[in-house]
Amino acid sequence: MVAIIVHGGAGTIRKEERIPKVIEGVREAVLAGWRELKRGSALDAVEEAVKALEDNPLFNAGTGSVLTLDGKVEMDAAIMRGRTLEAGAVAGIWGVKNPISVARKVMEKTDHVLLNGEGAVKFARLMGFEEYNPVTDERLKQWEELRKKLVETGETRHWKKLNELIKEYPEVLRSTVGAVAFDGEEVVAGTSTGGVFLKMFGRVGDTPIIGGGTYANEVAGASCTGLGEVAIKLALAKSATDFVRLGMDAQAASEAAISLATKYFGADTMGIIMVDAKGNVGFAKNTKHMSHAFMREGMDEPVAGV
């Protein structure tokens, strides 16, 4: 039974009027993936779904990515095939429109898994990806306001106030997009993010870390969203697929993974989406919101919500 699920990031959507737009964004993304999935490829489905989210400035990935402390965009993305365990990822990449597509090229055209920074950009140019500026006016304005606020605390040297800023502005500080699909033969997972607003230059989150924020094998696939450092420390995406191997379905495994995050790092930290090799979908969060949408064989329209 084929299935696909997407997420647009875990956190809190503070402006109620944004919720319908966010729901429509994940709905459009899952439909973009579904069209490819019906043609038979979970790999194409995941890439197209994530690209749709990267191209939507409402989400913190691709166009609309957040800015680092020094006002730059450094994006991360990863994609993984469950049947072969092939994986490709980029970290700290800039100047491209769709990092998920560059990650796929890393998987298909190199012997490596992860390329970062300038090397990732050079590889993207070699693969024909044109120069693109993903910074939006809204993100630039937010960066100016948040950086000013952080500087005014007088604590930038030791980052004592960054957690307070994250709590105060969860909508713009934490967000990631992802997709997981099963085409009847294999599960594929993909994730993309602009990272965390005001992050240290060079900081890499869980998204491109295989097993941390993105993972797929023969039993299931997972894409995480939230505080990247939490997912890395728990190897959360891989841990979630381990729960499936132990006998859980995608929904139970998603809930178990989030329980693990809450146990060790508290609430308001993580969200996850999953698909298992039986075509079951799952999603869970310990945040107020996590935009998501899914389609399974036999459904006429996607289910979408926050």
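Me: What should I know before I start?
Reply: Residues are numbered from 1 along each chain as its sequence is written, and side-chain values use heavy atoms, with hydrogens and water left out. The model is predicted, so local features need pLDDT of at least 70, side-chain atom pairs count only at pLDDT 80 or more, and totals for chains, interfaces and linings use all residues.

Me: How are helices and strands named?
Reply: They are DSSP runs, numbered from the N terminus: helices are H or I with at least four residues, strands are E with at least two.

Me: In what order do the strands of the open sheet lie?
Reply: First the general idea. Strands of a sheet pair through backbone hydrogen bonds, either parallel or antiparallel. Two strands count as paired if DSSP finds at least two bridges between them. Here eight strands form an open sheet in the order 4-3-2-6-5-1-11-12, with mixed pairing. Strand 4 (114-116) and strand 12 (303-305) are the edge strands, and each pairs on one side only. On average, neighbouring strands of this sheet are turned by 5° against each other, direction ignored. Axes here are lines fitted to C-alpha atoms, for helices over the stretch in contact, and angles run from 0 to 180 degrees between N-to-C directions.

Me: How many bridges join strand 1 to strand 11?
Reply: Seven bridges join strand 1 (residues 3-11) to strand 11 (residues 289-296). The two run antiparallel. Take Val-6: its bridge partner in strand 11 is Ala-293.

Me: Which strands does helix 2 touch?
Reply: Contact means heavy atoms within 4.5 Å. Helix 2 (residues 42-54) packs on the sheet and touches strand 1, strand 2 (75-81), strand 5 (177-182) and strand 6 (187-193). Its direction makes about 160° with that of strand 5. Helix 3 (residues 99-109) also packs on the sheet, touching strand 2, strand 3 (87-93), strand 4 and strand 6. The direction of helix 3 makes about 130° with that of strand 3.

Me: How do I check the span of a helix?
Reply: The expected span is 1.5 Å times one less than the number of residues. Helix 1 has 20 residues and should span 28 Å; its end C-alpha atoms are 28 Å apart, which agrees. Helix 2 has 13 residues and reaches 18 Å from first C-alpha to last, close to the 18 Å expected.

Me: Which residues of helix 1 are buried?
Reply: Buried means under 20% relative accessible area, exposed over 50%, and partly exposed in between (1.4 Å probe, protein chains only). In helix 1 the buried residues include Ile-19, Val-22, Trp-34 and Leu-37. Their cover includes strand 1, helix 2, strand 5, strand 11 and strand 12. In helix 2, Ala-42, Leu-43 and Val-46 are among the buried residues. The cover there includes helix 1 and helix 3.

Me: Which residue does UniProt list for "active site"?
Reply: The unreviewed UniProt entry lists Thr-176. UniProt positions are given in the numbering used here, feature names are shortened, and annotations may be inferred rather than shown by experiment. Thr-176 sits in the loop between helix 7 (170-173) and strand 5.

Me: Is Thr-176 buried or exposed?
Reply: Thr-176 counts as buried because its relative accessible area is 4%. Not counting residues up to four places away in sequence, Thr-176 touches residues including His-7, Asn-60, Thr-191 and Cys-224.

Me: What does the side chain of Thr-287 reach?
Reply: Look for polar contacts: pairs of N or O atoms within 3.5 Å. Within protein, one atom must be able to donate a hydrogen and the other to accept it, and residues adjacent in sequence count only if both atoms are side-chain atoms. Thr-287 lies in the loop between strand 10 (281-285) and strand 11. Its side chain reaches the backbone nitrogen of Gly-11 at 3.4 Å and the backbone oxygen of His-289 at 2.8 Å. Thr-287 is buried, at 7% relative accessibility.

Me: Where is Ala-235 found?
Reply: Ala-235 is in the loop between helix 8 (228-234) and helix 9 (236-245). Its phi is near 45°, a positive value in a residue other than glycine. Ala-235 is partly exposed because its relative accessible area is 31%.
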